[in-house]
Amino acid sequence: MAIRLGSPYFRTGADAQQSGLLDSYGRRATDMRLSLTDKCNLRCTYCMPAEGLQWLQKDQVLSREEIVRLVGIGVDLLGIRELRLTGGEPLVRADLVDIIADIRARHPELPVSLTTNGLGLDKKAQRLKDAGLTRINVSMDSLHPDTFAQLTRRPFLDRVLRGIEAAAAVGLGLVKINAVLMRGINDHEAPDLLEWAVSRGFELRFIEQMPLDADHGWTRDGMITAAEIRDRLSERFLLTPDPRNRDGAPAERWEVRRPEAPDVVLGTVGIIASVTEPFCSDCRRTRVTAEGKIMSCLFSREETDLRDLLRSGADDDAIAQRWQEAMWAKPKAHGMGHTGLGAPDFVQPDRSMSAIGG
Ligand SMILES: Nc1nc2c(ncn2[C@@H]2O[C@H](COP(=O)(O)OP(=O)(O)OP(=O)(O)O)[C@@H](O)[C@H]2O)c(=O)[nH]1
Ligand SMILES: C[S@@+](CC[C@H](N)C(=O)[O-])C[C@H]1O[C@@H](n2cnc3c(N)ncnc32)[C@H](O)[C@@H]1O
Ligand code: SF4
Ligand code: SF4
């Protein structure tokens, strides 16, 4: 059982680096997830409404310089050890390559990864690699053009597949593929998606659908659970726990074999069971939205603005201290004092996944 720590003592300078982004349950955030934009060129049903959202104005979004400064504060003062760039769709940001290059110049060893829908990646993969991007995750829920179009409300499967191929070709690390399964739409595709991924050397991860859709259409009974996903995959594959340490990762990994050839490991598959098998007690994430607000949890109802400090001449220590205060108040799990997406006291955040930064 998590013990809540006593009164916060916020620090500056070298002391801040020692205490880092500690919360009152004793977890320390070392993984920074930064949203580069709230905009997107897809309309996935589990994330965005068909008509899109009211986008932020350009001057409301953190600039390249502000982003690079915040990452510097996180790494130099607060113990951030890895960075994920996400959105909305990060590839729609025209200065993405420059942002990555600036971060790489300041932090030569920092792992910097990108989560993207893959549209336009075929044209940008080489430049992203050259700028210093370490790894990439691409979201793709179906291998069938019609099903893809039904889920994303756009007929762009070919373009996503081209993007994935390009990322692999330029050597953007182990390419991971994210898929959300929706009942009656693409859930029957789970084994085919895995077959496709292992045959190409990609790590596929199935993500349980969370109540973060702008349409508020999620139901606990309607979602596909991790147990169902394992059952479906087991109709064709043998899954055994991956012996590697999970190390706080959202995905639980499984080695994939065929029952008829149990000595040959085809690859690994991950299952991100945020709803039915939550991993909040080991959470190491701190989120920054596109407009510079700290969300200590994906389901936080409290947000802490850093943009006003960035734009009002505050020094790095002052920004670090506000960031620490925000993380100290991180809820225990799922935005509350306990786990339970779909529990009677769970309140879905006003923001959709795209507006938080997935
Ligand atoms: N509940 C919850 N889900 C998360 C959290 N972080 C990531 N996820 C889920 O996991 C999905 C995949 O995240 P990615 O951005 O692809 O990467 P990752 O799995 O965190 O990291 P890598 O495996 O290192 O690439 C997200 O879209 C979320 O659905 C989190 O802090 N809480
Ligand atoms: C919000 S998107 C942002 C990055 C990029 N646009 C993409 O789709 O990869 C990040 C991830 O969140 C996932 N996601 C979005 N809404 C979700 C939901 N309601 N439940 C679970 N995962 C969701 C997507 O499948 C995607 O893998
Ligand atoms: S999941 Fe990603 S690609 Fe799909 S609508 Fe949300 S932000 Fe866009
Ligand atoms: S729901 Fe909140 S506490 Fe749980 S893993 Fe996600 S961000 Fe961390």
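**Group meeting: a walk through the model**

Let me start with burial: 44% of the 358 residues in the protein chain count as buried. Buried means 20 or more other C-beta atoms within 10 Å of the residue's own, exposed means 12 or fewer, and partly exposed is in between, with C-beta atoms placed from the backbone.

A word on the source. This is a predicted model, where local features need pLDDT of at least 70, side-chain atom pairs count only at pLDDT 80 or more, and totals for chains, interfaces and linings use all residues. Residues are numbered from 1 along each chain as its sequence is written, while chains are lettered from A and ligands numbered from 1 in the order in which they are written.

Now the overall build. The protein chain has eleven helices and 14 strands. These are DSSP runs, numbered from the N terminus: helices are H or I with at least four residues, strands are E with at least two. The radius of gyration is 20 Å, close to the 21 Å from the globule rule for 358 residues, so the chain is as compact as a globular protein of that length. That radius is taken over C-alpha atoms, and the rule is 2.2 Å times the number of residues to the power 0.38. Along the principal axes, the C-alpha atoms fill a box of roughly 60 × 45 × 45 Å.

Next, the core. The largest nonpolar core holds 95 residues, and A167, A179, L194 and W323 touch the most other members. Its largest share, seven residues, comes from helix α2 (residues 64–78). By core I mean buried Ala, Val, Leu, Ile, Met, Phe, Trp, Tyr and Cys residues joined through C-beta atoms within 7 Å. Take W323: leaving out residues up to four places away in sequence, W323 touches L21, L78, I294 and L306. Contact here means C-beta atoms, placed from the backbone, within 7 Å.

On to ligand 1. Which residues are closest to it? T115, N137, S274, R285 and G358, out of 17 that surround it. A residue counts as near if its C-beta atom, placed from the backbone, lies within 6 Å. Strands β4 (82–86), β5 (112–116) and β7 (176–180) each supply at least two residues of that shell. By class, the shell has seven nonpolar, seven polar and three charged residues. Ala, Val, Leu, Ile, Met, Phe, Trp, Tyr, Cys and Pro are nonpolar, Asp, Glu, Lys and Arg are charged, and the others, Gly among them, are polar.

UniProt, in an unreviewed entry, lists R33, R84, T115, K176, R285, T286 and R287 under "binding site". Such annotations may be inferred rather than shown by experiment. Is R33 buried or exposed? R33 is buried, because 22 other C-beta atoms lie within 10 Å. R33 sits in strand β3 (residues 31–35). Beyond four places in sequence, R33 contacts R84, T86, R285, R287 and G357. T286 is in strand β12 (residues 285–288). T286 is buried too, with 26 other C-beta atoms within 10 Å.

Last, the cysteines. The unreviewed UniProt entry also gives "binding site" for C280, C283 and C297. They spread over 18 residues of sequence yet cluster in space, with a largest C-alpha distance of 9.3 Å. C297 lies in the loop between β13 (293–295) and β14 (304–305). C297 counts as buried, with 24 C-beta neighbours inside 10 Å.

Notes:
Contact = placed C-beta atoms within 7 Å.
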